[in-house]
Amino acid sequence: MKHRLVALLGLALLVLLGVSSGAYAADKVKAVASFSILGDMVRQVGGDRVDVVTLVGPDGDAHVFSPTPADAKTLASSQLFFVNGLGFEGWMERLEKSSGFKGKTIVASKGVKPHTMVEEEGGETETITDPHAWQDLANGKLYIANIRDGLIAADPEGKAIYEANAAKYLEALATEETAVKQALGKLPPERKRIITSHDAFGYFGAAYGLEIIAPEGVSTESEASAQDVAKIIRQIKAEHIPAVFIENITDHRLLDQIARETGAKIGGTLYSDALSGPDGPAPNYLDMFRHNVGTLTAALSS
Ligand SMILES: [Zn+2]
């Protein structure tokens, strides 16, 4: 009888523990990251102390994401919400409100010099902030510093660990930055013009000296018009733009059509707004950069 009571108490304790930890492991900082690239960065800095849930996963498109009630529940039970900012997550404020999130939102792009683009829609021009700041490794380093500071503020006991993780990762990013500049610097200037489906590589182009042309704007929300496509086709032919690149998050039919009509070759797939799955070529931020730069140099140097 006594044994059975002890066993029952043990079971009750397990149930209680299970309930209190929710979707997260016990004793860890509970963090939500809005999209996969940022989720990887938070994991790199947070290490074992932080449990990260990513809302928009591998190959997902954060521009057109709509959070589910389960996402709201996850956010409500977390302490930190890491977002890109710069208007990338148009759904963010609504989610924060509807979930009753009581934690702290950390904008990873804080301090980035915003890149703007002029877009034309129905004859009207509009200046739009480009949110894809992570595509410049110098900005990636800023993201890491902001993530580190956000984690330290929420969990001061982990300060030394966050600082050490961030320092190690910042060094890896600096090494990669040098490699990227070297690899892309070797390309002949007339080859440094490419087509992608949406304007996700503005920061990349500015940092590494490539001209990027895209039929869709900085968001995937609006489709390219027939005039946009016709204009790009004329431009590719007139300027002998060598290659078009598919993106992992967007439909590739439009680019197939552009390649067919212009004779430009399809240079491969670039990872723009999301990582690949764990078995793909871009399972983390650094691998994403290596893959994109490898794909670009292979297609543009031949
Ligand atoms: Zn995008």
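Reader: Which element gives the most to the lining of the second largest pocket, and with how many residues?

Author: The model is a predicted one. As to the general idea, rolling a probe the size of a water molecule over the atoms shows where empty space is left. In this case, the second largest pocket holds about 320 Å³ of space. Its lining comprises 19 residues, and His63, Ile128, Val218, Ser219 and Glu221 are the closest to the centre. Two elements, S5 and strand S6 (124-130), each give two or more residues to that lining, and S6 gives the most, with 3 residues.

Reader: How do the residues of the lining of the second largest pocket divide into nonpolar, polar and charged?

Author: In the second largest pocket, 7 lining residues are nonpolar, 7 are polar and 5 are charged.

Reader: What is the volume of the largest pocket, and which residues lie nearest its centre?

Author: The largest pocket has a volume of about 610 Å³. Of its 24 lining residues, Glu119, Glu120, Pro215, Asp228 and Lys231 lie nearest the centre. At least two residues of the lining come from each of strand S5 (115-121), strand S8 (211-213) and helix H8 (226-239); H8 gives the most, with 6 residues. By class, the lining of the largest pocket has 8 nonpolar, 7 polar and 9 charged residues.

Reader: Which residues coordinate the zinc ion?

Author: A metal site is read from its donor atoms and the angles among them. Here the zinc ion is coordinated by NE2 atoms of His63, His132 and His198 and by OD of Asp273, at 1.9 to 2.0 Å. Angles among the 4 donor atoms run from 95 to 116°, and the site is tetrahedral. Along the chain, the donors follow the spacing H-x68-H-x65-H-x74-D. The pair His63 and His198 links distant parts of the chain, 135 residues apart: His63 is in the loop between strand S2 (50-56) and helix H3 (69-76), and His198 is in the loop between strand S7 (193-196) and helix H7 (202-208).

Reader: Are His63 and His198 buried or exposed?

Author: Both His63 and His198 are buried.

Reader: Why does Val42 count as buried?

Author: The term rests on a cut-off: buried means under 20% relative accessible area. Val42 counts as buried because its relative accessibility is 0%. This residue is found in helix H2 (residues 36-46). Leaving aside neighbours within four places in sequence, Val42 is in contact with Gly47, Val50, Val52, Phe82 and Ile147.

Methods. Residues are numbered from 1 along each chain as its sequence is written. This is a predicted model: local features need pLDDT of at least 70, side-chain atom pairs count only at pLDDT 80 or more; totals for chains, interfaces and linings use all residues. Side-chain values use heavy atoms; hydrogens and water are left out. Donors are N, O and S atoms within 2.8 Å of the metal (3.2 Å for Na, K and Ca); water is not among the atoms, so sites may look incomplete. Four donors count as tetrahedral if all angles lie between 85 and 135 degrees; four count as square planar and six as octahedral if opposite donors are over 155 degrees apart and all others between 65 and 115; anything else is irregular. Helices (H or I, at least four residues) and strands (E, at least two) are DSSP runs, numbered from the N terminus. Buried means under 20% relative accessible area, exposed over 50%, partly exposed in between (1.4 Å probe, protein chains only). On a 1 Å grid over the protein atoms alone, a cavity is a set of points where a 1.4 Å probe fits but cannot get out, and a pocket is an open set with protein on both sides within 12 Å along at least five of seven lines; lining residues have an atom within 4 Å of a point. Grid points are joined across faces, edges and corners, and a volume is the space filled by probe spheres set on the points. Ala, Val, Leu, Ile, Met, Phe, Trp, Tyr, Cys and Pro count as nonpolar, Asp, Glu, Lys and Arg as charged, and the others, Gly among them, as polar. Contact means heavy atoms within 4.5 Å.
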